[in-house]
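Let's take a walk through this fold together, starting with the sheets and moving on to the helices around them. Keep the 3D view open as you read.

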Amino acid sequence: MNRNVRSLIDKLKTTHSLSVSEYEEILLNIDNENREYLKRLAREAREKHYGKAVFIRGLIEISNICKNDCYYCGIRAGNKNCERYRLSDREILECCEEGYSLGFRTFVMQGGEDFSFTDDRLCSLIKTVKEKYPDAAVTLSLGERTRESYKRLKDAGADRYLLRHETADREHYKKLHPESLSWDTRMECLRSLKDLGYQVGCGFMVGSPFQTVEMLARELKFIEEFEPHMCGIGPFIPHRETIFRDCPAGDVSLTLTLLSLIRLIVPKVLLPATTALGTASKGGREEGILAGANVVMPNLSPKSVRKKYMLYDNKMSDGDESAQAVESLKNRIREIGYEIVTARGDALK
């Protein structure tokens, strides 16, 4: 056992803060014994605040049309082989109706940056959902918008917003995105969302091209300083229609370690066991729960479009990943000692 790593983990448990070099020390030198110790502490921290509860979110992928050309993304504008779709308002509301009957009390509307989803259209959708299901939360994950847009959506009733920052390193961001996208703009969007009173989620890919261990340490420091309500991370998985098609996928074990560290940094954070984690490893979602995660997001999208929202190769969308298989999911989560609950699952203050 590496005693220095053990002492740093204990320090993090108490202070919820380390230096970048200390985070890097853990990531470079953690051994199996300390890795299991870290997971145990993460579970204890999660259970202190949320008990054995695992919250479910109904994911509705409303459009795979996107104006951006992010180099790693399967639905990027430049992918001419992507079969595009855009859900109608009626289809989105039908997804919510089915999800509510299945026990979902959070609906996550996720999509590319599609000009069709104007503020007026989204505000109308949000108001309708909140009127029909007043005990449900609405989460949006629709990319970069203006502060004024975010305010309108919040005033219409949106509760949460997920906007992955992708990397806390400005130069790394430039290597993953075209010149039309700016790291500073992404950070300004996150600050605006927090200022406006959203429950805000950020996140990053583990093992993305050009990423170093020092960068991952800086990711942890960013999360420590930003204090998100939610944080979505998962292993990078390449897509065959991108320039990173031949790059290796991110490491699952490292992802689990980072989940546990994030739980100790922000003990009350809502931490998903992501689809990418489940795609990269059979049982990955359950492993994520055992590493400190407490959210899962089954797919509520119409079956006809699930295979079209392919951010990375082989993304799970049907079978056990579908919202309709929630009973199977409940059983699997119960087998590892946790319980899926029917609740909004807001972040604790």
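In which sense do strand S1 and S8 pair, and over how many bridges? Before the answer, please keep in mind that this is a predicted model. Strand S1, residues 53-56, runs parallel to S8, and 2 bridges hold the pairing.

A second sheet is next on the tour. This open sheet has 6 strands, ordered S2-S3-S4-S5-S6-S7, again with parallel pairing. Its edges are strand S2 (58-63) and strand S7 (230-235); each has a single partner strand, so one side of each is left without a neighbour in the sheet. On average, neighbouring strands of this sheet are turned by 20° against each other, with direction ignored.

Let's zoom in on one pair of strands here. Strand S5 (residues 160-162) and strand S6 (residues 199-206) run parallel and are joined by 3 bridges. Within this pairing, Arg160 stands opposite Gln199 in S6. Helix H8, residues 183-195, lies across S5 and S6 and runs at about 150° to S6. Helix H9 also packs on the sheet, where it touches S6 and S7, and its direction makes about 175° with that of S6.

Helix H2 (residues 20-29) packs with helix H9 (residues 213-226) at an angle of about 125°, their axes 8 Å apart. This angle is why H2 counts as oblique to H9. The crossing of the two is right-handed. On the H2 side the contact includes Val20, Tyr23 and Leu27, while H9 contributes residues including Val213, Leu216, Arg218 and Leu220. Sorted by class, this contact has 8 nonpolar and 5 charged residues, with no polar ones.

H2 also meets helix H10, residues 252-265. Here the axes come within 11 Å and cross at roughly 145°, and H2 passes H10 in a right-handed crossing. The residues that make this contact are Tyr23, Ile26 and Leu27 of H2 together with Leu254, Thr257, Leu258, Leu261 and Ile265 of H10. They divide into 7 nonpolar, 1 polar and no charged.

What about H9 and H10 themselves? Their axes come within 10 Å and cross at roughly 25°, which means that H9 is roughly parallel to H10. This crossing, too, is right-handed. The contact is built from Leu216, Leu220, Ile223 and Glu224 of H9 and from Leu254, Leu258, Leu261, Ile262 and Ile265 of H10. By class, the contact of H9 with H10 holds 8 nonpolar residues, 1 charged and no polar.

One more feature deserves a stop: the aromatic rings. How many aromatic pairs does the model have? The count comes to 7 aromatic pairs.

Key
Residues numbered from 1 in each chain as written. Predicted model: local features only at pLDDT ≥ 70, side-chain atom pairs only at ≥ 80, totals over all residues. Heavy atoms only, no water. Axes fitted to C-alpha atoms, helices over the stretch in contact; angles between N-to-C directions. Helix = DSSP H or I, 4+ residues; strand = E, 2+ residues; numbered from the N terminus. Parallel < 35°, antiparallel > 145°, perpendicular 65-115°, else oblique. Left-handed = near helix turned anticlockwise from the far one by under 90°. Contact = heavy atoms within 4.5 Å. Nonpolar A, V, L, I, M, F, W, Y, C, P; charged D, E, K, R; others polar. Pairing = 2+ DSSP bridges. Phe/Tyr/Trp six-rings, centres within 6.5 Å; stacked < 30°, edge-to-face > 60°.
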